[in-house]
Amino acid sequence: MDLNLLDRSLAARGEPPYRARQVWEWAARGAGSYEEMTNIPAALRAELEREVPLSSLAVEREDRSRDGTRKALLRTADDRPVEAVLMTYLDGRRSVCVSSQSGCPLTCAFCATGAMRFGRNLTASEILDQVLHFKRSDKVDHVVFMGMGEPMMNVDAVIAACERLPSVGVAASRTTVSTVGWVPGIERLTADGPPVRLALSLHAADPALRSELMPVNDRYPLSEVLEACRAWREARGKRVFVEYVMLAGVNDRYEQAVALAEALVPREAFKVNLIPYNPTGAGFEGSSRSAIDAFAAALRVHRVPVTVRLTRGRDIDAACGQLAGAVASRSDGAPAPAG
Ligand code: SAH
């Protein structure tokens, strides 16, 4: 729900200040209509129904994977595509992967979102509405900012959304913001953000290779990014999760694991998460399971804590940018990601 529009509508009617909180509490619990909001006078409910749509995002389509993953393609009021994914795990965890921007201005070579046109930053309400979309029909207890866009380039809205997530049932300790290493955003989150988790997309310790995979490395080199991560650890007492997408023959060699281990000092400030690559037609192949295991073993020998990420939703193109990219390219004639 557009919370600014809600505030304006209530103020224009001279409603008491607590009304906005009452309406938000219903929305945050996953109310599917104004009718359910029984502590709001019926006449006001009818007016809000006309003026303030329950969600700032329209549902364009939704797919469900064999593994239970649900992927929604949503649209803002000005017709920008937004993807959100609900991942379910055997231990009962239910995690929503949200987008912070429609498209992304960065052009990471392996990422489907980087290949589509950048739209704009999403508002805090548009970020929250992705979570509420799933909350209306499912339990949600984790949120990761790993959908479309670079959260740290939209840090005000991301912080505002994170601050409201506990009322949706997602504690800050179960909220993870993932960044390419946009240093001013990391610094701002360190200074002002709620106690969320921070994840860094690293992908290569070698500067030349990292710049090839992630051109943003030319602007914020890894050494500066890791310095900002160490400052986060100092200030917050929490590790930074390092994401490393495993690309066959590109960044998965033994020496590259050693170089990664050497970059991650002090050890206790970082934990590595190796990510099996979901091919998008960008010309990369994912490393084999045995290559991923060997890379993990090399890191462990160097005393780097490491886990391998579970892959969810492969059959529904659930990787970052894949669904919106496919729809966008159908309508503007650009090649569709193979996904
Ligand atoms: N811009 C932020 C958040 C969005 S991407 C960031 O880059 O961290 C979230 C994660 O998904 C990143 O680590 C990104 O590298 C990874 N990713 C992107 N495309 C992928 C793909 N096709 N397969 C697997 N992981 C991918």
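**Exercise 1. The ligand and its shell**

The ligand is surrounded by 22 residues, of which the closest are Gly149, Ser178, Ser201, His203 and Asn278; a residue belongs to this shell if one of its heavy atoms lies within 4 Å of the ligand. The model is a predicted one, in which local features need pLDDT of at least 70 and side-chain atom pairs count only at pLDDT 80 or more, while totals for chains, interfaces and linings use all residues. Residues are numbered from 1 along each chain as its sequence is written, and side-chain values use heavy atoms, with hydrogens and water left out.

Task: State which polar side-chain atoms lie by an oxygen atom of the ligand, and at what distance.

Solution. 
- Step 1. For Ser178, the distance from a polar side-chain atom to a ligand oxygen is 2.6 Å.
- Step 2. For His203, the corresponding distance is 2.8 Å.
- Step 3. A ligand nitrogen, in turn, is 3.0 Å from an N or O atom in the side chain of Glu150.
- Step 4. The ligand taken alone exposes 540 Å², and the protein buries 93% of that (areas by the Shrake-Rupley method with a 1.4 Å probe).
- Step 5. Two or more shell residues come from each of β8 (175–179), β10 (240–246) and β11 (270–276); strands are DSSP runs of E with at least two residues, helices are runs of H or I with at least four, and both are numbered from the N terminus.

**Exercise 2. The buried face of α6**

Task: Determine which residues of helix α6 (residues 183–192) are buried, and how they are arranged around the helix axis.

Solution. 
- Step 1. The buried residues are Val183, Gly185, Ile186, Leu189 and Thr190. Buried means under 20% relative accessible area, exposed over 50%, and partly exposed in between, with a 1.4 Å probe and protein chains only.
- Step 2. Viewed down the axis of α6, these residues fall within an arc of 165 degrees, so they line one face of the helix; the arc is taken from the directions from the axis to the C-beta atoms.

**Exercise 3. Gln256**

Task: Is Gln256 buried or exposed, and which backbone atoms does its side chain reach?

Solution. 
- Step 1. Gln256 belongs to helix α10 (residues 254–263).
- Step 2. Its relative accessibility is 14%, so Gln256 counts as buried.
- Step 3. The side chain of Gln256 reaches the backbone oxygen of Val250 at 2.9 Å, and one of its polar atoms lies 2.8 Å from the backbone nitrogen of Arg253.
- Step 4. Beyond residues up to four places away in sequence, Gln256 touches Leu209, Tyr244, Val250, Asn251 and Phe295 (contact: heavy atoms within 4.5 Å).

**Exercise 4. Backbone angles in loops**

Task: Where do Asp79 and Arg303 lie, and what are their phi values?

Solution. 
- Step 1. Most residues other than glycine have a negative phi, and most peptide bonds are trans.
- Step 2. Asp79, in the loop between β2 (70–75) and β3 (81–88), has a positive phi near 70 degrees. Asp79 is exposed, at 51% relative accessible area.
- Step 3. Arg303, in the loop between α11 (289–301) and β12 (306–308), has a positive phi of about 60 degrees. Arg303 counts as exposed at 61% relative accessibility.
- Step 4. The peptide bond from Val265 to Pro266 is cis, with omega near -10 degrees; Pro266 is in the loop between α10 and β11.

Definitions and conventions
Polar contact = N/O pair within 3.5 Å; in protein donor to acceptor, adjacent residues only side chain to side chain.
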